[in-house]
Amino acid sequence: MTLQTAWLALLGLLLAGYFVLGGYDYGAQMLHPFLGRSREKEEEQERGGAPDRNAALDAIAPFFLGNEVWLVAFAGVMFGAFPHLEGTLLPAMYPLIVAILVGLVLGNAAVQLRRRARGASGRRVWDALIVFGGALPALCWGLVVGLLLHGVPRRADGSFRIGFGEVFTPFVLVCGVTTILLFAAHGAGFVALRSDPEVAGRARRLGVRLVAATGAAALLALLLTAFGEGASMTNRGVAAVIAAAIVAALGVAWWSFAGGHQVRAFVATCCATALPVLLVGAGHYPYLLISSAGHGLDIGHAVTDDATLKILSGFGVLVVPTILAYQAWSWWAFRGRTGRRHLSYF
């Protein structure tokens, strides 16, 4: 494996890690109105004996904001190791990137401020912003994946252009909807792992329906591709294998949710959220950006020089294990269901 390919693999690993870890944050945010307090806590709240709590938000509380470190690391690798990709991709997708950041800021602020709201009407406003803050980044990331799979127009000077006409195509919109549903199912799986049995049961039932809806949307994307209106893949054989793996992961997730196998369901949704990143990277390799005509920006033109990569590798050897160690420690420190081994944050 060359140094360029190794850094590309690292870039994909960081984005996949962000999809997996940030994905259940967004999913829990979208589902928190449906996975709130258990019946006992609701009755206690009505008697004035308990603070306002939310099971879905409690589940992600110890990891909230910490999962965004993967996005920061992904951006750092792209800026340092693939400056030509950053210079081409970010201007082309500027509106979507801004929308993702807006969703992150609004969702994070709403989660933090919800407990300070006075009265049920105030909490409803923050609840709506929490849902919006989870759904908007999920939708936009799905649109980004759809655009990368479908290909975008390339100007004569070599730059890529993305307008409303490219975003509002059936395939790209279906990818956005698929990602919303997938992240929501992923969040349901995480809440089921972390909550009391009553809330976990509700999360599993929601997970069954959400995975089924995700599968239907993914099937529509495959049909559009089959009829020439979907993904334009460079390596069609590899892409077909990865697409089959995504379908298999969704099937295992549905079967596990229906059978009450919470750990297996969550592992399956983790795979389903990570594999689209592999589909983009391996399906287009050696291209990082591709146009619908089949020509694009390849790794040789996107990466920085070898001397810079060698310098960055020294930092990568230190930074990546640190991120992994931090993530492993946080999971271990806050293992178990909410209310048993740690206090509620929100």
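The protein chain has 14 helices and 2 strands; helices (H or I, at least four residues) and strands (E, at least two) are DSSP runs, numbered from the N terminus. This is a predicted model, in which local features need pLDDT of at least 70 and side-chain atom pairs count only at pLDDT 80 or more, while totals for chains, interfaces and linings use all residues. Residues are numbered from 1 along each chain as its sequence is written, and side-chain values use heavy atoms, with hydrogens and water left out.

**Confidence**

- The average pLDDT of the protein chain is 86, and 88% of the residues score at least 70; pLDDT is the predictor's confidence in each residue, from 0 to 100.
- Residues 45–52 have a pLDDT under 50, and the model gives them 12 contacts beyond four places in sequence; contact means heavy atoms within 4.5 Å.
- Over residues 340–346 the pLDDT is also below 50, and this stretch has 22 contacts in the model beyond near neighbours in sequence.
- Where pLDDT is low, the predicted coordinates should not be read in detail.

**The chain as a whole**

- Of the 346 residues in the protein chain, 49% are buried; buried means under 20% relative accessible area, exposed over 50%, and partly exposed in between (1.4 Å probe, protein chains only).
- Among contacts between residues at least 6 apart in sequence, 80% join residues at least 24 apart.

**Helix 1 and helix 12**

- Two packed helices are described by the angle between their axes and the distance between the axes.
- Helix 1 (residues 3–31) packs against helix 12 (residues 262–284) at an angle of about 135 degrees, with the axes 8 Å apart. Axes are lines fitted to C-alpha atoms, for helices over the stretch in contact, and angles run from 0 to 180 degrees between N-to-C directions.
- The angle makes helix 1 oblique to helix 12; angles under 35 degrees count as roughly parallel, over 145 as roughly antiparallel, 65 to 115 as roughly perpendicular and the rest as oblique.
- From helix 1, Gly12, Leu15, Ala16, Phe19, Val20 and Tyr24 meet Phe266, Cys270, Thr273, Ala274 and Val277 of helix 12.
- By class, this contact has 9 nonpolar, 2 polar and no charged residues. Ala, Val, Leu, Ile, Met, Phe, Trp, Tyr, Cys and Pro count as nonpolar, Asp, Glu, Lys and Arg as charged, and the others, Gly among them, as polar.
- Cys270, in helix 12, is buried with a relative accessible area of 15%.
- Leaving aside residues up to four places away in sequence, Cys270 touches Val20 and His186.
- Cys270 and Ala16 are 254 residues apart along the chain, yet their C-alpha atoms are separated by 9.4 Å.

- Gln327 lies in helix 14 (residues 306–333) and counts as buried at 7% relative accessibility.
- Beyond residues up to four places away in sequence, Gln327 touches Leu21, Asn67, Val69 and Trp70.

**From helix 12 to the strands**

- Pro286 is in the loop between helix 12 and strand 1, and the peptide bond from Tyr285 to Pro286 is cis, with omega near 10 degrees.
- Most peptide bonds are trans.
- Ser291 sits in the loop between strand 1 (287–290) and strand 2 (296–298), and counts as buried at 7% relative accessibility.
- Ser291 touches Gly151, Val152, Arg154, Phe160 and Gly296, not counting residues up to four places away in sequence.
- Between Ser291 and Arg161, 130 residues apart in sequence, the C-alpha to C-alpha distance is 9.9 Å.
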